[in-house]
6 protein chains.
Amino acid sequence: MKICRRETFNAAHRLFKPEWSDEKNLAVFGKCSYPNYHGHNYALEVWIEGAINPETGFIMDLKLLKDIIHAEILERFDHKNLNLDCPEFNGIIPTTENISVVIWDLLRSKISTQFNIEVVIAETTKNKVSYSGNN
Amino acid sequence: MKICRRETFNAAHRLFKPEWSDEKNLAVFGKCSYPNYHGHNYALEVWIEGAINPETGFIMDLKLLKDIIHAEILERFDHKNLNLDCPEFNGIIPTTENISVVIWDLLRSKISTQFNIEVVIAETTKNKVSYSGNN
Amino acid sequence: MKICRRETFNAAHRLFKPEWSDEKNLAVFGKCSYPNYHGHNYALEVWIEGAINPETGFIMDLKLLKDIIHAEILERFDHKNLNLDCPEFNGIIPTTENISVVIWDLLRSKISTQFNIEVVIAETTKNKVSYSGNN
Amino acid sequence: MKICRRETFNAAHRLFKPEWSDEKNLAVFGKCSYPNYHGHNYALEVWIEGAINPETGFIMDLKLLKDIIHAEILERFDHKNLNLDCPEFNGIIPTTENISVVIWDLLRSKISTQFNIEVVIAETTKNKVSYSGNN
Amino acid sequence: MKICRRETFNAAHRLFKPEWSDEKNLAVFGKCSYPNYHGHNYALEVWIEGAINPETGFIMDLKLLKDIIHAEILERFDHKNLNLDCPEFNGIIPTTENISVVIWDLLRSKISTQFNIEVVIAETTKNKVSYSGNN
Amino acid sequence: MKICRRETFNAAHRLFKPEWSDEKNLAVFGKCSYPNYHGHNYALEVWIEGAINPETGFIMDLKLLKDIIHAEILERFDHKNLNLDCPEFNGIIPTTENISVVIWDLLRSKISTQFNIEVVIAETTKNKVSYSGNN
């Protein structure tokens with residue numbers, strides 16, 4: 001059984017690899033490499049897999065999960081520039097794939113290992129990533 | 001291969017454990033324990049896993065699946081108070097987790113075992129549960 | 001120009017007129033008159049019409065509008081039973097139409113009259129009401 | 001890890017088996033067998049499972065995936081009659097199940113086998129199919 | 001005050017003017033003129049403007065409005081080919097604009113003139129039309 | 001009668017008034033004033049009011065409207081930083097209100113005055129602005 005909490009955050013980013021020329025960045029990343037950043041309303045789903053606690057009827061209190069997501073993820077990334085403001089992305093291109101790994105790792109360290117975690121991030125309504133760890 | 005039918009129902013409920021004091025219920029369940037109930041538009045997805053029937057091109061006729069969901073689930077729970085009106089929740093706190101188990105069991109008894117069943121329930125657009133049996 | 005803030009609340013209600021017999025209530029209100037209440041995720045849109053403040057580029061700070069909606073509407077109605085818990089509905093059947101009038105009146109008393117107000121409430125994704133005052 | 005690209009196409013179809021009488025087609029397929037076709041806005045999600053390319057931070061460039069979907073799927077089926085215009089459905093009833101197999105096969109032949117593919121098609125907001133190959 | 005009921009129907013159509021050559025049809029209507037039809041999930045919103053009935057708290061019983069929409073609109077157009085099956089479109093190109101006029105006229109003849117009517121039709125999530133009569 | 005075309009663009013921005021101190025900017029604009037920008041998936045609806053052209057059954061060809069929106073709006077603002085990249089916002093704080101005025105003015109200069117224009121922009125699913133000119 002799995003439960004899911006959905007939250008959103010708004011951030012700026014740019015896909016850019018400093019080892020490459022501007023031309024190569026543009027060739028690989030297209031408009032996403034434009035120098036002054038653009039942004040998204042990221043929709044984050046966190047799925048927690050575990051067994052029902054017979055005391056409460058919950059796998060995990062979704063209020064607790066919401067609080068963890070706010071403290072660990074939204075406080076860090078909401079209304080931020082992922083490239084400039086967030087040391088979690090030092091040396092890491094903030095693709096949706098890499099964002100999902102960073103978020104999964106942050107949540108993994110705060111959630112009991114009796115629970116499996118899946119992170120689903122929608123960058124737009126057309127582009128999504130799902131990550132369950134151990135890539 | 002899996003097919004999915006989505007239906008909705010509107011119900012009232014309250015998270016409350018009679019063995020606990022009102023204070024403990026409030027501490028654990030928060031606003032969800034308020035005494036006079038609140039409610040939700042529950043969105044129910046039923047996923048059926050099986051092979052395509054070469055006669056029809058269907059795994060299962062979605063019209064049939066719709067009819068089963070209406071007869072077994074919506075007739076029981078739509079416009080009802082899960083705590084007061086529904087014997088299926090006698091002694092069971094109507095968390096979304098427990099609702100998914102009750103619905104899965106009801107469907108399992110009506111759908112051929114050649115098909116696997118997954119039930120996904122969204123209590124709100126932020127809170128969801130998925131259950132595939134054998135928790 | 002108009003701005004809109006969208007919030008949601010979850011409440012139980014029942015359509016029931018005490019002057020009528022149970023039979024007449026059932027005939028007029030159908031399943032919505034069932035005695036033990038049912039509930040909805042109400043989606044509330046508050047539209048504010050006014051001119052842009054050249055100082056801020058805002059008609060009204062949406063953070064302020066959000067705070068007013070939380071204090072005046074969500075604190076009153078979220079996770080409540082509109083019939084039993086909410087004196088605003090004493091003698092008023094909590095149809096979506098009447099809910100929109102109650103909410104509009106509550107907001108009107110807290111928002112400067114330089115702004116026109118429209119309230120849009122979705123009871124489900126199929127049923128909506130829009131109210132702009134002076135019905 | 002999985003990424004997803006969502007695209008839509010609009011097509012007409014009819015569920016009809018020429019070996020059967022009109023009566024039997026109507027009995028089995030209902031309104032979907034009406035002789036002059038009806039249609040849908042099909043929403044197609046293509047999920048690609050693979051590892052992050054450390055050079056780019058991508059599993060697969062979603063721009064490339066979009067281009068493949070447009071060239072292989074939308075060019076074939078958008079604004080078409082699946083029964084009359086599309087040889088891919090010769091002898092195949094265009095149920096959502098069969099559409100998902102046809103699309104999966106078309107994509108499988110164009111996408112490197114280092115990636116697993118899942119196709120999810122929503123015929124309406126109530127009816128969906130998911131197919132991952134090897135049915 | 002206005003209330004809204006939302007329903008959907010699935011239909012095939014083609015934009016084609018018989019007085020024009022195929023070339024001109026293609027130049028004006030593009031893919032929408034393809035000869036064998038395509039189709040859509042049409043989402044129909046019917047807005048009714050009126051005063052609250054103090055007896056019921058309703059402008060109009062949404063159950064009644066739903067029944068009118070089903071009897072007058074869905075029975076006629078759901079799972080149909082608008083060009084071939086529907087005499088309402090004899091000599092009328094089934095653009096979303098014209099569909100909204102046909103639907104508005106059908107509803108106007110069945111709904112008391114104490115109520116104003118607005119019809120909103122979404123052909124896709126990107127294309128919509130709103131019509132309030134007297135065009 | 002009105003038709004609507006919906007498009008989206010992704011941009012970075014910051015609410016900041018250079019005449020004010022950082023403290024005052026933070027007090028008025030909150031997180032939206034953070035120095036390194038954040039971003040949104042802006043959803044833009046353009047409504048065109050006019051009469052049906054009896055030749056085509058269109059108010060305006062939505063393909064033409066789409067092309068105008070792409071050429072005039074998306075080319076300018078998609079994947080851009082509204083503060084740094086877009087001279088249209090020189091001296092203008094890019095609030096959603098001001099964005100709607102800029103977009104309305106750009107469209108007004110390209111669309112025949114026989115048509116009225118309304119621009120609706122959603123910055124998030126919770127915040128929207130509607131502008132019809134002549135504020």
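Biologist: Which residue is the bridge partner of Glu45(C) in β4(C)?

Modeller: This is a predicted model. In it, strand β2 (residues 38-49) of chain C pairs with β4(C) in the antiparallel sense, over seven bridges. Within β4(C), the residue bridged to Glu45(C) is Val120(C).

Biologist: Why is strand β4 of chain C largely enclosed by the rest of the structure?

Modeller: A residue is called buried at under 20% relative accessible area. Strand β4 of chain C covers residues 116-122, and it is largely enclosed because its buried residues number six of the seven.

Biologist: Which three residues supply 36% of the area that chain A buries against chain F?

Modeller: The contact draws 20 residues from chain A and 20 residues from chain F. Together the chains bury about 1600 Å², with 53% of it on carbon and sulfur atoms. On the side of chain A, the three that supply 36%, more than any other three, are Asn36(A), Asn41(A) and His79(A).

Biologist: Which residue of chain F meets the side chain of Lys31(A) in a salt bridge?

Modeller: Chain A and chain F share two salt bridges. In one of them, with 2.7 Å from N to O, the partner of Lys31(A) is Asp78(F).

Biologist: Which element gives the largest share of the side of chain A that touches chain F?

Modeller: The elements giving two or more residues are β1, β2, β3 and α3 of chain A. The largest share is four residues, and it comes from β2(A).

Conventions. Residues numbered from 1 in each chain as written. Chains lettered and ligands numbered in written order. Predicted model: local features only at pLDDT ≥ 70, side-chain atom pairs only at ≥ 80, totals over all residues. Heavy atoms only, no water. Buried < 20%, exposed > 50% of the residue type's maximum accessible area, 1.4 Å probe, protein only. Pairing = 2+ DSSP bridges. Contact = heavy atoms within 4.5 Å. Buried area = accessible area lost by both parts, 1.4 Å probe. Salt bridge = Lys/Arg side-chain N within 4 Å of Asp/Glu carboxyl O.
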